[in-house]
Structure formats: structure tokens, C-alpha cells
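User: Hello! I am new to this structure and would like to learn how to read it. Could you walk me through a few features?

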Amino acid sequence: MSWGTELWDQFDNLDKHTQWGIDFLERYAKFVKERLDIEQNYAKQLRNLVKKYCPKRSKDEEPRFTSCLSFYSILNELNDYAGQREVVAEEMAHKVYGELMRYGQDLKAERKHHLQEGRKAQQYLDHCWKQMDNSKRKFERECKEAEKSQVTYERLDNDINATKSEVEKAKAQFYLRTHMADESKNEYAAQLQNFNAEQWKHFNNAIPHIFKNLQDMDERRTVKLGETYRNFAEAERRVIPIISKCLEGMVSAAKAVDERRDSTIVVESFKSGFEPPGDFPFEDFSQNLSRTGSDGTISNTPKGDRDRDGAPGPRSDPKHPMSRTKNKLWLFGKKPKAPSLEDFSHLPPEQRRKRLQQRIDELSKELQKEMDQRDALNKMKDVYEKNPQMGDPNSLQPKISETICNMEKLRSEIHKNETWLSEVEGKQSSRGDRRHSADNHHHTPQGRESPEGSYTDDTSQEHHTPHHRSSPPQPNPDPHEFDDEFDDDDPLPVIGHCKALYSFDGQNEGTLVIAEDEVLYIIEEDKGDGWTRARKQSGEEGYVPTSYVEITLEKNSKGAVTYI
């Protein structure tokens with residue numbers, strides 16, 4: 001239905017309706033603005049959450065557990081999901097909110113123009129009506145004046161006492177007023193005809209045209225609202241496939257969690273490369289007892305063991321029975337952190353071997369990159385030499401020299417690390433041979449391990465809990481390993497000191513008996529076999545397990561504070 005024909009007399013109401021339409025459009029635009037602000041804040045909070053829980057360590061220190069990797073994958077997917085929320089906000093801001101604000105401004109200008117045209121038409125019609133009304137009032141006044149002059153003329157004409165001049169004057173006045181009334185009548189008729197014509201134009205042409213424009217404007221506003229409603233939904237629907245992929249990625253990350261793989265990584269990460277300590281030998285204290293037939297005494301040493309050994313076992317100090325040591329495994333506490341050394345000598349052999357191998361692989365990759373760059377530069381130099389117009393071959397020589405220098409440095413680093421790796425592998429092999437040799441010397445019955453991790457030779461102690469902590473595993477030395485270590489007459493210089501973390505019974509030749517919290521001097525560092533050479537306050541020298549002491553080296557000596 002047309003507003004021009006049906007609502008010809010509702011200009012004020014249409015003015016109010018079009019203003020309401022613009023207000024509603026702006027209200028919807030405000031709603032979209034608040035909606036996209038929510039999306040932007042949501043995306044920002046998600047990104048901050050991901051940043052908060054992302055690992056802040058280097059790649060070398062990142063855990064390799066599948067559960068951790070899956071969690072980091074979920075964080076990456078969540079970061080991508082946050083990116084899609086930002087896309088939704090951008091789509092709403094550009095295609096909905098921005099479009100509504102631009103269209104609202106255009107709508108206001110168009111409405112103002114149409115209403116101004118309607119008011120101008122109404123003002124012109126009012127002007128025509130005023131002209132017609134003025135001519136009508138003038139005609140009415142002139143007719144009344146003519147009637148008065150007619151009455152005066154007739155009264156004087158019938159009065160016998162009136163002079164002729166008075167009658168003539170009244171007659172002339174009557175004729176004048178009658179003429180003026182006729183002119184006012186003609187003017188009124190013309191103005192009335194003009195007003196009726198303008199009024200017809202106003203209500204049949206001008207107003208319908210203006211109202212039709214207002215109707216078109218309002219209908220376009222309604223269509224625009226429908227389009228923005230659809231764009232509002234499309235902004236969300238476009239990202240649904242990508243969001244679904246993000247969620248699928250999270251599900252895949254959850255499926256990638258492998259408990260067996262994580263257990264294997266734990267073993268690879270913390271495996272020290274040391275073998276568990278060997279069994280303690282049986283110590284026969286009855287060897288010095290005489291065996292006579294008259295006494296009927298029998299040696300407590302089993303015959304088979306005596307036949308196999310053929311010699312007394314390792315010496316021990318009866319004043320120092322096996323100490324009730326404590327084993328600090330740092331299961332739930334924080335392990336003291338050793339300073340990181342270039343050759344990873346602060347690490348256990350197995351971990352040191354892995355780190356050296358990893359560094360060698362990284363250096364090899366860097367070397368390959370440098371070699372590829374050198375080959376590319378040489379090819380480019382050949383091209384320049386064949387085609388001088390393409391470039392100066394001499395300009396590439398500094399870069400080639402720099403690349404060759406880098407290659408030499410990398411080769412040197414690789415060689416150095418390979419030397420350390422060979423040293424570690426050689427020590428692991430020799431330590432295995434030594435342990436095997438030591439095991440061949442111990443054929444007597446071994447002691448037993450108590451439930452608390454301490455060792456005892458007495459079976460009556462199996463159900464006791466003699467210690468509140470147990471000592472770390474001891475390196476298993478060859479009984480004759482340290483025999484030749486103390487032949488020199490000149491004492492070694494002191495390079496540091498150490499404090500005993502645990503007691504050590506020093507049953508083997510060349511080892512020291514130490515008590516917990518005892519302070520000793522360091523005269524020789526651990527060479528990788530788990531033993532450190534020390535000197536007691538009394539001057540007695542020998543080896544102690546490196547894992548049993550806290551070592552502090554002097555500043556002018558090699559090394560630094562070391563926690564084993």
C-alpha cells in the first residue's frame with residue numbers, strides 16, 4: 001500500500017515513524033557493538049590464558065612427555081580458536097556495525113531532505129491559503145462599505161432637505177465603493193482558483209511523491225536490517241568449520257597421550273648409567289681361630305667359600321661397622337642444582353652421553369647449513385664470473401670467507417664434543433669391566449638390603465628400621481683399584497674441601513671411613529668413575545663416593561661449587 005494515497009494527511013505521524021526507525025537501527029548497531037566487544041574481550045582473555053600456561057623454557061628444557069605435548073597442542077588449538085573469535089569480532093565490526101553506522105548517517109540525511117521538501121510544500125500551500133483568505137476578507141470589507149455607501153446615497157436622495165451636491169457626492173461614493181467591491185470580488189475569485197489548484201497539486205502530486213520517498217527509505221531501512229541480521233549470523237557460521245577443526249585437534253591431542261611412552265621417557269631422562277651396587281662380601285672373622293681336633297672347633301667359614309677364595313677377604317676396620325646410611329633420592333624434594341658445564345661433566349654418564357650426542361647432532365645440522373650456503377655462494381660467484389653484468393664476483397668473497405670460517409669453528413666444536421663422547425663411552429665400558437672384575441673377587445655370601453634401603457650382613461636386623469634415611473648407591477670398586485694410588489711420597493695439593501652428606505664405612509682398600517657432616521680436603525676431582533680423592537684432618541688419604549659428599553672447589557682451581 002502507498003503512503004501517499006492512504007496517509008496523505010499523516011505527515012506528522014510519518015515524521016515520528018521514520019525517526020523511530022532510525023532510532024531502532026542505531027539501537028541494533030549499539031547491540032552489535034557490545035556483542036563484538038564481548039568477542040574481542042573473550043579472544044583476548046583466551047590468548048592471555050594460553051600465554052600464561054605456555055612453557056617459558058627453551059626447547060631443550062621442555063618436557064617430552066606425551067601428556068605435556070598434548071596439553072601444549074591443546075593450548076595451540078585454543079590459541080587458534082581465540083583467533084577465530086577475533087575473526088568473528090572483525091566480521092561483525094566491518095560488515096554489521098560499520099555498515100549500520102554508515103547507513104544510519106545516510107538515512108538521517110535522506111529523511112531530513114524529504115521532510116524539508118514536505119514542509120516547503122506545506123508552507124507554500126499555507127501561503128496560497130493566506131493570499132486567498134486575505135482577498136476574501138478584503139472582498140467582504142469592500143462589499144460592506146459598498147452597502148453602507150448605497151444606504152447613505154438612498155437616504156440623501158430621498159431627503160428633500162439634502163442639497164444636490166450632497167446627493168451627488170453620496171452617489172459618487174456609492175459608485176466608487178461598488179467598483180472596489182467588484183475588483184475585490186475578481187481578486188478573491190482568482191486567489192480562490194489558484195489556492196484550489198495548488199491544494200490539488202499538493203495532495204495529489206507533491207505529498208504523494210514525498211511520502212513515497214519516505215516509504216522507500218523506510219523499506220530500505222527494513223531490508224538493511226534484515227541483511228545485517230543475516231551477516232551477524234554468517235560471521236559466526238563462517239568460522240564454525242575452523243572451530244570444529246580446532247576441537248578435533250584437541251580430541252586428537254587427547255588421544256595422543258601414551259602412558260607407556262611417558263614411562264619410557266622418564267627412564268631415558270633420569271637413567272644415570274651407573275650399575276646398581278654389588279653384593280657385600282661375607283667377612284670371615286674366624287679365620288685366625290686355630291682348628292684342633294681336641295677342641296672340636298670348626299671354622300665358621302663355609303668350605304666352598306674357603307676353597308674358592310683361598311685368601312682372606314678385604315680388610316675392614318672393626319671400629320667402624322657398616323654405617324646406617326640414608327638414601328636421599330629427592331623424590332618429592334628439590335634436587336640441588338649443579339652448575340652447567342660445557343662438557344656436561346656435572347651429569348651422570350648416561351645423561352652426559354645423551355646431551356653430548358644431542359649437541360653433536362645440532363652442530364652437524366648447523367655445519368650442513370653452512371656448507372649449503374658455501375655451495376650456493378660459490379655457484380653465484382661462478383654465475384657472476386660468467387656474466388659480469390649480473391654482479392661483481394669479488395663482492396661475494398667476504399661472505400664465502402666468513403662461511404668457511406664458521407664451518408671450521410663448527411668442525412672444531414664437533415670434534416671436541418666427539419672427543420668428550422668417546423671419553424664417556426670409554427669410561428662406561430671400563431667401569432663395566434671393572435665392576436665385572438670386582439664381582440669375581442666376591443664369592444662369599446652377600447648381605448641383604450633392608451626395607452629402608454640400607455645394607456646389613458646380620459639377618460637379625462631385617463625387621464628393624466635402624467635409619468631415617470638411606471645412603472645413595474655406592475660405586476662398586478675393584479678391591480685392588482686404589483692399591484697404586486698412594487705410592488707417591490709427595491702429598492697432592494688441596495684443591496677444595498667437602499662435607500660428608502652420609503656416613504661411609506670404607507671397607508675396601510684405598511677408601512676412607514667418613515662420618516656424616518665430617519669435613520675433608522679435596523686433592524683430586526672425580527674422573528667420571530664416581531670416586532673423589534680426599535684427605536682427612538688427620539692426614540689420612542683415600543677415595544670417597546662422590547655422591548656422598550658436597551664438594552666446594554677453590555676459586556683458583558678448575559671447577560666451581562658442585563652438588564652431586
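Predicted model: local features only at pLDDT ≥ 70, side-chain atom pairs only at ≥ 80, totals over all residues.

User: Where does Gln507 lie?

Analyst: Gln507 is in the loop between strand E3 (496-500) and strand E4 (519-524). Helices (H or I, at least four residues) and strands (E, at least two) are DSSP runs, numbered from the N terminus. Gln507 is 227 residues from Phe280 in sequence, yet their C-alpha atoms are 9.7 Å apart in space. The loop between E3 and E4 also holds Asp517, which has a positive phi of about 75 degrees although it is not a glycine. Asp517 counts as partly exposed, at 47% relative accessibility.

User: How is the packing of two helices described?

Analyst: By the angle between their axes and the distance between the axes. Axes are lines fitted to C-alpha atoms, for helices over the stretch in contact, and angles run from 0 to 180 degrees between N-to-C directions. Angles under 35 degrees count as roughly parallel, over 145 as roughly antiparallel, 65 to 115 as roughly perpendicular and the rest as oblique. Here, helix H2 (residues 11-53) packs against helix H4 (residues 164-237) at about 15 degrees, with axes 11 Å apart. That makes H2 roughly parallel to H4.

User: At what angle do H3 and H4 cross?

Analyst: The axes of helix H3 (residues 66-158) and H4 cross at roughly 170 degrees and come within 7 Å. H3 and H4 are therefore roughly antiparallel to each other.

User: Which residues of H5 are buried?

Analyst: In H5, the buried residues are Ile243, Cys246, Gly249, Met250 and Ala253. They cover an arc of only 110 degrees around the axis, which puts them on the same side of H5; the arc is that of the directions from the helix axis to the C-beta atoms. The face turned away from the buried side of H5 carries the exposed residues Lys245, Glu248 and Lys255.

User: What about a strand residue, Trp531: is it buried or exposed?

Analyst: Trp531, in strand E5 (residues 531-535), is buried, with a relative accessible area of 2%. Trp531 and Gly542 are 11 residues apart in sequence, with their C-alpha atoms 9.7 Å apart in space.

Methods. Residues numbered from 1 in each chain as written. Heavy atoms only, no water. Buried < 20%, exposed > 50% of the residue type's maximum accessible area, 1.4 Å probe, protein only.
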